[in-house]
Amino acid sequence: MASEALGVEIVDAALAEKAAPLAEKLVADQVASKLTAQDPTLWGPDAESESAIRLSWTTLHKSSRPLIGEIAALRAELHAEGVDRVVLAGMGGSSLAPEVITGTDDVALTVLDTTDPGQVADALAGDLSRTVLVVSSKSGGTVETDSHRRIFAKAFAASGIDAARRIVVVTDPGSPFSKLAEEEGYRKTFLADPNVGGRYSALTAFGLVPSGLAGADIARLLDQAAAAADVLGADSADNPAVQLAAALGAAHAEGAEKVVFADTGSGIKGFGDWAEQLIAESTGKLGTGLLPVVVEDTGAPGFADAKSDATPVAVGTAAGAAKISVTGPLGGQFLLWEYATAIAGRLLGINPFDQPDVEAAKKAARALLDNPEALTGGEEASNVDGTVQIFGSGFNTAAQSASVEGGGGRREGVATEGKLADVLRAFIGSAPENGYVSVQAYLDRLDDASASILRAEVAKRSGLQTTFGWGPRFLHSTGQYHKGGHQNGVFLQLTGAVENDLEVPDRPYTLGVLQHAQALGDGQVLAEHGRPVLRLHLTDRAAGLAELVRALQEVGS
């Protein structure tokens with residue numbers, strides 16, 4: 001289990017030596033204490049207006065205390081009515097922290113951060129008579145979350161259940177969603193601190209309400225954060241956040257722009273997925289940043305064989321090739337990584353609280369939804385290999401001669417004609433030196449779970465750092481880095497046939513159409529950034545995934 005002592009160890013002596021002067025400068029500039037005091041000037045004048053309304057997370061271990069009783073009272077009411085199954089509809093910061101909190105406490109929470117019809121149908125198939133839906137959104141305008149709300153409200157009503165009594169809302173004060181919740185008469189609305197951005201919101205109502213309703217010990221979580229707060233706010237070289245930020249900053253200055261996470265017995269479940277959004281969305285902008293890469297264990301490709309472009313980090317005690325290890329309980333680690341990420345933003349010269357490139361993919365998806373012909377009639381596979389349709393989205397087919405610029409230099413366009421293995425070989429070969437491969441699976445995270453093995457397979461065959469994300473949830477996580485960070489990624493999209501689609505009530509699209517639009521929209525934006533994008537559509541999901549693994553094995557042979 002996780003140690004109760006919060007600590008950072010810079011295992012690599014050379015990295016420790018390079019980090020030391022950065023840490024000294026951070027201490028001399030009183031960065032930690034100024035951050036605790038919510039000083040918005042730490043990141044320069046361009047960031048000041050945004051940071052001035054984004055720093056309340058430093059005191060959430062105190063200000064979130066009243067939520068403990070409110071959540072416990074609602075949970076008791078629901079249980080008295082026989083309602084003990086919690087489904088969370090939320091994206092990004094609204095879902096990642098609750099998933100880690102409940103996973104670590106081993107309590108059940110069904111998380112809907114997908115537009116895959118099959119995965120949503122699985123959640124609907126649960127016992128609705130025992131179900132409460134928590135809908136978490138700062139504004140209420142998140143298309144995925146709004147779709148989930150509409151679908152569940154209709155399902156409750158069809159089962160003879162008063163939908164309003166089974167929907168709990170978490171949102172910002174004065175948001176359109178708070179007004180809708182009042183109009184609809186939803187069971188309860190929790191208002192989160194509006195001066196906290198989504199990726200820093202683990203200890204706000206967004207993290208605590210679904211977790212507490214599911215049965216997690218949120219009081220202990222806040223106690224853990226409170227125990228860490230004083231040391232994290234201290235202007236001292238022994239401050240773990242200062243040490244961690246300095247190490248990450250020093251590594252980045254030496255070309256290690258990726259941070260590879262492996263768990264080494266921390267007792268925390270899925271921490272890397274939460275840290276992934278925090279770090280990627282906070283730092284990946286203006287052509288710089290730190291790309292988190294979450295791997296299976298310390299023996300995994302990307303960790304055990306990390307090159308000079310990556311820093312392996314152990315969540316838990318130091319092991320394997322780790323250059324940094326971080327220990328401590330979940331509540332303390334939440335606060336530690338938030339401090340360290342904000343401080344690293346200062347070292348990188350960026351604003352860690354904005355996300356200037358996130359909206360681009362949303363706009364592209366909306367444009368496609370407004371033009372259904374572009375989704376159904378505007379595509380033509382350049383090749384079909386078995387159950388895999390191959391699309392050249394955002395890069396050149398063999399018949400074209402243009403080239404791709406970016407990252408490590410100029411590369412010829414990727415061929416999309418030929419066998420799948422040949423296409424994959426050319427695609428991977430388009431990545432610049434010290435680039436990365438992003439595998440993006442717009443599939444069912446439960447029924448298509450085997451897709452996750454592709455991360456290690458691609459990393460092994462390519463020799464490149466490789467990330468894996470479920471679409472569209474990664475759009476609310478690493479999506480910012482893909483467009484705003486170091487421009488040396490290549491992007492492998494996986495989409496799949498939909499057997500049983502789901503209508504979205506009072507909307508002119510189905511979940512399957514929305515999912516497809518999100519994949520194509522993001523692919524278009526990446527292509528506009530000059531990045532290679534290969535989309536593989538699986539006409540039979542299980543068979544297609546098997547064929548893809550076999551093709552990857554050929555690539556490395």
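**Notes on selected local features**

1. The side chains of Asp113 and Arg473 are joined by a polar contact of 2.8 Å. The model is a predicted one, and the points below should be read on that basis. Asp113 has a further polar contact, at 3.3 Å, between its side chain and the side chain of Arg445.

2. Is Asp113 buried or exposed? Its relative accessibility is 3%, and because buried means under 20%, Asp113 counts as buried. Asp113 belongs to the loop between β3 and α7. Leaving out residues up to four places away in sequence, Asp113 touches Gly90, Met91, Ser95, His148, Arg445, Pro472 and Arg473. As for distance along the chain, Asp113 and Val31 are 82 residues apart, and their C-alpha atoms are separated by 35 Å.

3. Pro472, one of the residues touched by Asp113, deserves a separate remark. The peptide bond that joins Gly471 and Pro472 is cis, with omega at about 0°. Pro472 is placed in the loop between β16 (465-470) and α19 (479-484).

4. Strand β16 also contains Thr466. The relative accessible area of Thr466 is 0%, so this residue is buried. A polar atom of the Thr466 side chain lies 3.0 Å from the backbone oxygen of Leu464, and a polar atom of that side chain lies 3.5 Å from the backbone nitrogen of Ala459. With neighbours within four places in sequence set aside, the residues in contact with Thr466 are Val293, Val437, Val439, Arg455, Val458 and Ala459.

5. Helix α7 spans residues 117-124, and its buried residues are Pro117, Gln119, Val120, Ala123 and Leu124. Viewed down the axis of α7, these buried residues fall within an arc of 165°, and therefore they line one face of the helix. The elements that cover them include β2 (85-89), β3 (110-112), α8 (143-158) and α20 (511-528). At the start of α7, a side-chain oxygen of Asp116 comes to within 3.0 Å of the backbone nitrogen of Gly118.

6. Helix α10 (residues 205-214) is mostly covered, with 10 of its 10 residues buried. Its buried residues are Ala205, Phe206, Gly207, Leu208, Val209, Pro210, Ser211, Gly212, Leu213 and Ala214. After α10 comes Gly215, which has a positive phi near 110°.

7. The angle between the axes and the distance between the axes describe two packed helices. For α6 and α10, the angle is about 35° and the axes are 8 Å apart. The crossing of α6 and α10 is right-handed. The residues that make this contact are Pro98, Ile101 and Thr102 of α6, together with Phe206, Gly207, Pro210, Ser211 and Ala214 of α10.

8. How are α6 and α13 oriented to each other? Helix α6 (residues 96-105) packs with helix α13 (residues 271-283) at an angle of about 160°, and their axes are 9 Å apart. Because angles over 145 degrees count as roughly antiparallel, α6 and α13 are roughly antiparallel to each other. The crossing of α6 and α13 is left-handed. From α6, the contact is made by Leu96, Ala97 and Val100; from α13, by Phe271, Asp273, Trp274 and Gln277.

9. The phi of Leu286 is near 55°. Leu286 is found in the loop between α13 and β8 (291-294), and with a relative accessible area of 72% it is exposed. The phi of Asn434 is near 65°. Asn434 is in the loop between α17 (420-429) and β15 (436-442), and its relative accessible area of 32% makes this residue partly exposed.

Note on methods. Residues are numbered from 1 along each chain as its sequence is written. This is a predicted model: local features need pLDDT of at least 70, side-chain atom pairs count only at pLDDT 80 or more; totals for chains, interfaces and linings use all residues. Side-chain values use heavy atoms; hydrogens and water are left out. Buried means under 20% relative accessible area, exposed over 50%, partly exposed in between (1.4 Å probe, protein chains only). Helices (H or I, at least four residues) and strands (E, at least two) are DSSP runs, numbered from the N terminus. The arc is that of the directions from the helix axis to the C-beta atoms. Contact means heavy atoms within 4.5 Å. A polar contact is a pair of N or O atoms within 3.5 Å; within protein, one must be able to donate a hydrogen and the other to accept it, and residues adjacent in sequence count only if both atoms are side-chain atoms. Axes are lines fitted to C-alpha atoms, for helices over the stretch in contact, and angles run from 0 to 180 degrees between N-to-C directions. Angles under 35 degrees count as roughly parallel, over 145 as roughly antiparallel, 65 to 115 as roughly perpendicular and the rest as oblique. A crossing is left-handed if the near helix is turned anticlockwise from the far one by less than a right angle, and right-handed if clockwise.
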